[in-house]
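Okay, thanks everyone for coming. I'd like to walk you through one model today, so let's get it up on the screen.

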Amino acid sequence: MAGINIPGVTDQYNTNETVEKLMKVERIPLTREQKQLETYKAEQDAWRDINIKLSSLRDSTKTLYSYDNPFNNKLVDSTQADAITAEATRSAPIQSFKVDVIQPASADRLLTDELSMDYRVAPGVYTFKVGEKQLTVNWKGGSLKDFSTAINKRGNGIINSMIIGASQGKRTLLIESLATGKENKLIFEGAAKAFAMETGMISPVTTSTLTFGKTTSEVSAVQKIASNEPKRMPELSITRTSISTEGVTVQPRGAYQVGIPAEVKSNTNNHISFTVKPSQLTDITIALNQRPEEPVIQAAGFGEFEGIVVHNFDSDTTLTKNTEPIEPVDPVQNKNIIYAVLNDGTEKPISTPAILIDEETKIDISVSEYPDLKSIAVRNYNTGYSFEVSSFSAYDAASQAGYTPNHAVSIADDAIIKYEGIKITRPSNKIDDVIPEITLNLHEKTEKTATISVKPDTDAAKDALLQFVGKYNQTVAKLNILTQNKSEIVEELDYYTDDEKEKAREQLGMFLTEQSLSSIKTNMSSIISGSYNFIDDAEITMLSQLGIATNAAGFGGGYQSSKLRGYLEIDEKKLDAALQDHLDDIKAIFGYDTDGDMIIDSGIAYKLDKQIGAYTQIGGILALKTSSLDSKIKNSESKIARLEDQLNEKEANYRNQFSSMQGTLNSLESQQNSISNFTKQQQNNR
């Protein structure tokens with residue numbers, strides 16, 4: 001029995017190695033399935049990558065023809081940006097207009113006298129009103145700082161307060177309205193009024209209105225101004241005016257002026273108010289254009305006596321007969337009849353655009369608007385209208401509530417602008433109802449007329465096009481990698497990171513025979529290079545005319561194989577010029593309506609969107625590809641699990657069998673040892 005040897009039964013006979021060799025053969029189906037699973041997952045990852053690229057490209061194309069396309073973006077420029085800016089909607093027309101900011105809208109901002117550091121605000125019910133809004137603070141008494149904090153906590157967008165350091169050991173309280181406009185004055189009631197009086201924020205006044213311009217002594221003739229009026233047009237004259245208790249009636253071609261009292265001019269818070277009522281008359285040019293009739297002289301007659309008739313000689317006149325043609329005088333309608341006369345003699349028209357239409361026009365002039373105001377002139381250039389002008393009333397806009405502020409930082413007043421020479425007032429510094437699609441933002445008074453220009457945002461359009469080209473090229477690069485097996489495709493992608501290049505090498509040629517990917521690349525190239533004649537006289541109908549093309553020899557340089565792979569290239573100078581001169585054409589080639597139903601149905605971006613949508617949409621080509629791989633991956637994983645269970649069972653069987661054999665071997669070895677020992681003993685006994 002000596003020398004009995006059963007290979008693989010025990011470790012000394014490489015049992016484990018034998019089992020591993022047996023199992024290696026058994027694992028071949030499992031290894032094959034595991035490699036297949038890795039292939040499925042790699043393919044699924046590649047389909048997801050191309051889905052991401054195509055979806056990103058589709059999003060970019062949508063922005064080029066949707067309602068939010070960048071070609072409709074507008075930029076607004078102001079020559080007086082520190083005083084006035086503007087915002088334009090996408091529908092705003094390209095335009096330029098002029099605006100003067102006479103004064104921005106302001107709010108009441110009132111200060112107290114300087115108060116001691118330990119000043120205490122008495123308890124009470126403090127009521128503040130701004131326009132139709134009201135704030136009530138039930139104050140239990142306390143420091144000025146705590147009072148200010150209480151106002152701010154309950155301000156609710158109505159008022160705000162602030163403690164301001166004054167001289168050494170002193171401070172003041174600022175209370176401000178948060179709404180602009182003269183109708184939004186800050187009103188104090190109850191304890192608030194008592195506090196404002198006590199702290200010197202306001203002082204009581206007797207509201208008085210000064211009336212002038214209603215007596216003969218206050219009315220004077222206007223200065224003569226050179227004009228190009230017809231020779232036979234009557235001059236403007238004070239003789240064509242009449243004064244009554246109602247005011248001054250100004251007949252056609254009548255004019256007068258009223259001087260501004262010194263006490264009115266001295267207070268910049270003063271406003272001058274009056275009304276103008278038009279009446280339509282028979283136009284005076286009708287009479288002016290009629291030729292004077294020659295005198296009618298009756299026949300000289302005759303005398304008769306006893307059959308003898310004696311005829312008189314016809315009478316004659318020394319008046320010269322008018323044979324010269326009359327130069328016709330045209331009727332005049334002029335909306336500018338009110339003028340501010342300044343100290344230097346110049347006159348500024350006060351805009352009254354509806355004065356010939358409205359039954360009565362109320363005119364309100366701020367003295368602060370005309371710091372050099374001398375008088376107000378009425379010039380009725382009209383030939384078919386008379387006007388009844390009321391007496392003038394001057395009032396202090398800051399004291400309309402029965403008190404006047406002592407330390408006003410600003411007084412509530414409306415914004416006043418002149419748009420193309422027309423005076424307009426608004427309570428807010430954000431004005432969006434004067435110019436369609438434009439919002440004006442007033443900041444300060446303009447030193448000179450501001451020119452507001454609305455221009456297309458070519459930078460936004462260029463950025464969108466550059467982004468589109470980038471997304472397009474990234475998509476083409478991914479398609480090239482998956483459908484071609486050329487290493488240079490990866491190496492020439494300079495914008496790829498090392499990790500991205502490594503992954504690209506793994507995916508190279510993965511879908512070499514996949515027709516759907518080759519098809520979409522061909523279709524995209526066809527759409528990009530197509531011509532889009534949206535109108536007969538369009539100057540831009542192709543993408544290449546913008547400086548964007550796939551032509552290998554397109555933009556300088558010799559032959560390069562990379563230029564044949566379908567990537568778009570950009571001639572930036574050509575693109576800039578096209579954006580500057582043909583923005584509407586560029587917008588149209590990306591998306592336009594061919595049948596007049598107001599729905600875009602053609603164009604580069606539209607067609608790309610539809611083409612890519614067939615791949616990326618729910619239930620599309622890419623979804624079917626990944627869904628199919630999902631099923632294959634699940635089946636493969638299930639198969640792998642079964643094979644692993646079978647292999648584990650088979651390996652256990654192998655080890656059980658070899659374990660049994662090892663037991664038998666151990667028994668044989670034991671018997672062999674016993675026989676060997678017995679034999680040795682017998683030999684020794686001989």
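Predicted model: local features only at pLDDT ≥ 70, side-chain atom pairs only at ≥ 80, totals over all residues.

If you look at isoleucine 159, you'll find serine 177 of strand 11 opposite. Strands 10 and 11 make a hairpin with 4 residues between them, and glycine 169 in that turn has a positive phi of about 75°.

Okay, on to the aromatics. The count is 17 aromatic pairs. Take tyrosine 65 and tyrosine 606: they're edge-to-face, 5.9 Å centre to centre, with 85° between the planes. What I like here is the sequence separation: tyrosine 65 is in helix 2, residues 28-65, while tyrosine 606 is in helix 13, residues 604-616, and they're 541 residues apart. Both of those tyrosines are buried.

Another edge-to-face pair is phenylalanine 97 with tyrosine 419, at 5.8 Å between centres and 75° between planes. Phenylalanine 97 is in strand 3, residues 95-103, and tyrosine 419 is in strand 30, residues 415-419, so this pair ties together parts 322 residues apart in sequence. Phenylalanine 97 counts as buried because its relative accessible area is 2%, and the cut-off for buried is under 20%.

Ring pairs also link Phe71, Phe468, Tyr472 and Phe590 into a cluster. And over at tyrosine 67, the charged end of arginine 90 sits over the ring, 5.5 Å from its centre.

Last stop, the largest pocket. Its volume is about 440 Å³. Which residues lie nearest its centre? Those are Ser351, Lys362, Asp364, Lys423 and Thr425, out of 25 lining residues. Strand 24, 361-366, gives the most to the lining, with 6 residues, and strand 31, 422-426, supplies at least two. By type, the lining divides into 9 nonpolar, 7 polar and 9 charged residues.

That's my tour, so over to you for questions.

Key
Residues numbered from 1 in each chain as written. Heavy atoms only, no water. 1 Å grid on protein atoms, 1.4 Å probe; cavity = no way out; pocket = protein on both sides within 12 Å on 5 of 7 lines; lining within 4 Å. Points joined across faces, edges and corners; volume = space filled by probe spheres on them. Nonpolar A, V, L, I, M, F, W, Y, C, P; charged D, E, K, R; others polar. Phe/Tyr/Trp six-rings, centres within 6.5 Å; stacked < 30°, edge-to-face > 60°. Buried < 20%, exposed > 50% of the residue type's maximum accessible area, 1.4 Å probe, protein only. Lys NZ or Arg CZ within 6 Å of the ring centre and 35° of its normal. Pairing = 2+ DSSP bridges.
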